[in-house]
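Q: Could we go through a model together, so that I learn how to read its salt bridges, its cores and its chain contact?

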Amino acid sequence: MTTLIQKKICLLGDFAVGKTSLVRRFVEDRFDDKYLGTIGVKISRKVITRSYGQLNLLVWDMTGGEDLDTKVRMSYLHGAAGALMVCDLTRSYTLDVFEGYARQMRTLNPRVPLMFLANKVDLVNERVISDEQLWSISKALGGQSFYLTSAKSGESVETAFLHLADLIEEKA
Amino acid sequence: MEKAPKDTINTGPTGDGINPLDSIRAILLADVQEGLGALERQIDGLQRQTDTDKVSLQQQLEDILVELEQLRKKIQKDAEELIPRVAPELGNMIGGAIRDSRDEMAEALGPVMGEAIRVQIRNSRKDMIEALFPIIGETVQRAIGEFAKELQRNIDAQLRRSIGPQGFLRIVFARLRGIPASQLTLRDALPFAIREIFLIQHGSGLLLAHYHPSKDEAPDTDLISAMLTATRDFVHDSFGQGEAENELDEVQYGDQRIIIQSGRTAYLAVVITGVEPEGFRSRMHTLVSEMHVSHGIVFKRYNGDSTTIPNLRPKLAILADEYADVEEVAEPLSRGTKLALAIGSLLGIILVGLACFYLQFTIALFPLAFPSDTPIAMPTATSVSTLTATETSPPTFTATPIFTPTDTFTPAATFTPSFTPTPIMAVAAGNVWVRPEPDYSGDLRFTVLRRNTSVRVLSVYGLWMEVEWQAENGLQRGWVLAEWITLLEPVLADQITPTQIP
């Protein structure tokens, strides 16, 4: 019997930064440019084959930009093995919520690995967030790296998710 | 400041003749007048300019009007070409309006919706039926489900009330057919079935164990458990209002329900159809508690690695088996058991029959085994006993006279006289004392039977006769010597009881 490991990961970020699109690209490998805000939480699963067996990533895709102090948010974060924080490269204020999310995650689990994603890298001309800004904020919040992703083109999406899976397995 | 000197000057020329002031004024006002003249010229210039502009503006306005008219004509002309170009934009605009102002659109479209549906039904009835069928079907199904549930509850209640001999017999017969009583009750009352059982870790929603009746593992169980957990959290946070005790304990969807029983670190979710039997929730509670006792720490520390938890599926299967459908688990009695039961029943019936016979026989022979001194008891006994007993009776049995055609009862061994149901008419031969008993020793009651009084002879005892006659003070009765009575009709020999006990 092959080993089966289940891990819950959360996807956090401001409104319309592309969380659901990233999950769709990662899980179903497709992109849809219609925007439909997520209400509450949407859970998807991605099965990854590993050397030891099978890793089931259960991705909890949360409502964007919700008030961090609400208890609904807190209960959704319980038991998460890791989190992906997503900002929109074309809107600098989408970085502002990172600190709050990171604090919440660390409150529940101080050792939880966090991965920072700067999405919409395909919109080159509209980019307003620099690499330096991303470096500094990910360092400040205890992240090890960040990825410039595009759910539209698929750039670095799978790499980022798999990197988080690696970090989770290391911590475990 | 300038006005003051001016006033002074103006008030000055009140005199007449050569006025030096005029020349002074002329000198002083020369500049002013010159200024005024310049101003007038300027104004004239402006006036002319304005007139010119006015004309030019009018001209321009006329030009614009002409252009507008031309445009209007052009639009009218190009209307047909424009519509196809505008149509897609209109679609987007309507879509946008619906998205942005739903309420207003609903308000606007509401009144025509009914009419539109009516027209559509009239024009393409089949399409509408196909479109509406899923909704109507589901609604009807739900209504029937509700009704069935109510009915089942009623039947349950009735079953509880109607435990009686009839119910007992039914259970006995069911048992003979191989169905245990408890399951018979279940089958009658509830089409209850367990579809799936989940054991889920609190918070993370990770699946700890899962049971499905079929051998194959159902897909998406991990997603279901995660989503169920999110739903529970959502309900708890939204409606729990901080009360830690309250939790979502049931979810209903169509005819299926998810019953949730929470433990400390994990909760049990059972997907069922029908109405759960009494005590099902407490059984779930027991199971959750048991599993927490044995694996509570494992549940708490579980981080998604399936190798760290024991296989709990068999434990969940036990719960499912306990409430499984009757047909699936009922073991009918074996042929041998049935035969044994039949023989046992037959032997039982024979034994009961023998016991009855023995009892009857004992009762019949009891008087013979323990004869009584008082023969008077005999007729009583014989009246109970049937003729079969008579056959076995010894010849000394004195019941025979009772069955004589005269119906005369045998006088008892004591003074008890025989009683003649058909009295014989007679007359008193003389005045005679009437005694209470057929004996001289008895007390005289100072009753005298007058001569020629009509009497009825009730019974005869030796030389004595019991007579009855109508006296002044009512019906009198007593014993007199037979010689004082003259019978008016003959007495047959067999009517006289021969026995006389001294």
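Q: Which element holds B:Lys74 and B:Asp78, and how far apart are the two residues along it?

A: As a general idea, side chains of opposite charge can pair when their charged atoms come close. In this predicted model, B:Lys74 and B:Asp78 form a salt bridge whose closest N and O atoms are 3.4 Å apart. Both residues belong to helix H2 (residues 20-100) of chain B, and because they are 4 residues apart there, about one helical turn separates them. B:Asp78 is itself buried, with a relative accessible area of 17%, which falls under the 20% limit for that class.

Q: Is B:Glu276 buried or exposed, and which residues does it contact away from its sequence neighbours?

A: B:Glu276 lies in the loop between strand S5 (266-273) and H8 of chain B, and it counts as buried because its relative accessibility is 16%. Leaving aside neighbours within four places in sequence, its contacts are B:Phe192, B:Arg257, B:Ile259 and B:Arg281. With B:Arg257 the side chain of B:Glu276 makes a side-chain polar contact at 2.4 Å, while with B:Arg281 it forms a salt bridge in which the closest N and O atoms are 3.7 Å apart. B:Arg281, at 26% relative accessibility, counts as partly exposed.

Q: Which residues are linked with B:Glu276 in a network of salt bridges?

A: The network links B:Glu250, B:Arg257, B:Glu276 and B:Arg281. Another salt bridge of chain B joins the side chains of B:Glu468 and B:Arg477, at 3.3 Å from N to O; here B:Glu468 is buried, with a relative accessible area of 8%, whereas B:Arg477 is partly exposed, at 40%. Over all chains, the whole structure contains 22 salt bridges.

Q: How should I read a nonpolar core, and which residues of the largest one touch the most other members?

A: In soluble globular proteins, nonpolar side chains tend to be buried together. The largest nonpolar core here has 58 residues, of which A:Trp60, B:Leu268 and B:Phe280 touch the most other members. Helix H8 (residues 280-301) of chain B gives the most to this core, contributing 6 residues. A:Trp60 has contacts in both chains: beyond four places in sequence, they include A:Ile9, A:Leu11, A:Val41 and A:Tyr76 in chain A, and B:Gly203, B:Ser204, B:Ala226 and B:Ala230 in chain B. Apart from this core lies another, of 25 residues, among them A:Ile5, A:Leu11, A:Val86 and A:Met115.

Q: How many residues does each chain bring to the contact, and how much area do the chains bury between them?

A: Chain A and chain B each bring 20 residues to the contact, and together they bury about 1,700 Å², of which 54% is on carbon and sulfur atoms. A:Gln6, A:Ile43 and A:Arg45 supply 32% of the area that chain A buries against chain B, more than any other three residues. A:Arg45 also forms a salt bridge with B:Asp220, with the closest N and O atoms 2.6 Å apart; the interface has 2 salt bridges and 9 residue pairs in polar contact. On the side of chain A that touches chain B, strand S1 (3-13), strand S2 (41-49), strand S3 (53-62) and helix H2 (71-77) each supply at least two residues, with the largest share, 6 residues, coming from S1(A). By type, the residues of this side divide into 9 nonpolar, 7 polar and 4 charged.

Notes. Residues numbered from 1 in each chain as written. Chains lettered and ligands numbered in written order. Predicted model: local features only at pLDDT ≥ 70, side-chain atom pairs only at ≥ 80, totals over all residues. Heavy atoms only, no water. Contact = heavy atoms within 4.5 Å. Buried area = accessible area lost by both parts, 1.4 Å probe. Salt bridge = Lys/Arg side-chain N within 4 Å of Asp/Glu carboxyl O. Polar contact = N/O pair within 3.5 Å; in protein donor to acceptor, adjacent residues only side chain to side chain. Nonpolar A, V, L, I, M, F, W, Y, C, P; charged D, E, K, R; others polar. Core = buried A, V, L, I, M, F, W, Y, C linked by side-chain atoms within 4.5 Å. Buried < 20%, exposed > 50% of the residue type's maximum accessible area, 1.4 Å probe, protein only.
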